[in-house]
Amino acid sequence: MSPSNRTFQVAGIAVAVLLLWLASYPGTVASPYVAEDSYRYHHQIVPDTAAEYNETVEQAPTYRYSELSPTAQTFVDRTRAAPDNEYTPVVCQGFVLTCDAYTQDELSEEFTYGEERDLREQPL
């Protein structure tokens, strides 16, 4: 029993709609990751002898290492292990269907990311 022309037409239309949807979906051709040099997710350890130490410490809440979430501890460990005391995690874009790095929801709550920081809401 051979498929009818009607079946091929319906299948062809379904494939065409799927291809059009894929062409319009941003995750089809865009990078799944936020740019690696993104300043929003950058971690840096500033020694107390550095000139920018006072600027950094005044803005950031203080936590004991043992109080940090496992993700935050990982970021601190990787920052300390880096030769320049700087670390930027790979973060997936919000529109990707699967992610093999960190999603924005998985980032630690102890750190505030982005330009929208409101220092009045953060404990010091």
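**View 1. Phe75, Tyr87 and Tyr102 make up one aromatic cluster.** The model is predicted; local features need pLDDT of at least 70, side-chain atom pairs count only at pLDDT 80 or more, and totals for chains, interfaces and linings use all residues. Residues are numbered from 1 along each chain as its sequence is written, and side-chain values use heavy atoms, without hydrogens and water. Searching the whole structure gives two aromatic pairs (rings of Phe, Tyr and Trp, the last by its six-membered ring, with centres within 6.5 Å; planes under 30 degrees apart are stacked, over 60 edge-to-face, the rest tilted).

**View 2. Phe75 and Tyr87 form a tilted pair.** Their centres are 5.9 Å apart, with 50° between the planes. The pair links distant parts of the chain, 12 residues apart: Phe75 sits in helix 3 (residues 70-81), Tyr87 in strand 2 (residues 86-87). Helices (H or I, at least four residues) and strands (E, at least two) are DSSP runs, numbered from the N terminus. Phe75 has 0% relative accessibility and counts as buried. Tyr87 is buried too, at 15% relative accessible area. Buried means under 20%, exposed over 50%, partly exposed in between (1.4 Å probe, protein chains only).

**View 3. Phe75 and Tyr102 form an edge-to-face pair.** The centres lie 5.1 Å apart and the planes are at 80°. Phe75 is in helix 3 and Tyr102 in the segment after strand 2, so the pair ties together parts 27 residues apart in sequence. Both Phe75 and Tyr102 are buried.

**View 4. Leu18 lies in helix 1 (residues 5-24).** Its relative accessibility is 49%, so Leu18 counts as partly exposed.
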